[in-house]
Amino acid sequence: YKVRLEEQRESLHDMLQQARMALGLRTLEVDRSQVSAEEAILCCSKLLELASSPTASNLAGLMQGIRFKIGRTYALGEDGTLILPYDLKAGDDTPPSPSSSSQQ
């Protein structure tokens, strides 16, 4: 179990570094009080997909120097850090289902 946790921690660290560098971010962190390592890795995978998309060249210039943190919802931290939901879906046009909102 401890070996699996350490491997997961290393994987997350590597994914955070890759996504940060690919998008030109100043920082990319995880709010571990809100997001599990699995959820953060999922988010990093999506960010890396975004970085390799055809529109990434335009996006990279806009994201240069921005500080991101992976959390539960879109927000702006007191220090100016932009907080992204780990699933990157909170801002889409799909309304939440009644069952998912009652579980929170």
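Arg9 has its place in helix H1, which spans residues 2–23; helices (H or I, at least four residues) and strands (E, at least two) are DSSP runs, numbered from the N terminus. This is a predicted model, in which local features need pLDDT of at least 70 and side-chain atom pairs count only at pLDDT 80 or more, while totals for chains, interfaces and linings use all residues. Residues are numbered from 1 along each chain as its sequence is written, and side-chain values use heavy atoms, with hydrogens and water left out.

At 48% relative accessibility, Arg9 counts as partly exposed, where buried means under 20% relative accessible area, exposed over 50%, and partly exposed in between (1.4 Å probe, protein chains only).

| Strands | Sense and bridges | Residues standing opposite |
|---|---|---|
| S1 (residues 27–30) and S2 (residues 67–71) | parallel, four bridges | Val30 and Ile70 |
| S2 (residues 67–71) and S4 (residues 82–85) | parallel, four bridges | Lys69 and Ile83 |

A search of the whole structure finds zero disulfides, a disulfide being a pair of cysteine sulfur atoms within 2.5 Å. The sulfur of Cys43 has its closest cysteine sulfur in Cys44, and the 5.9 Å between them is too far for a bond. Cys43 counts as buried, at 0% relative accessibility, and Cys44 also counts as buried, at 0% relative accessibility.

Terms used
Pairing = 2+ DSSP bridges.
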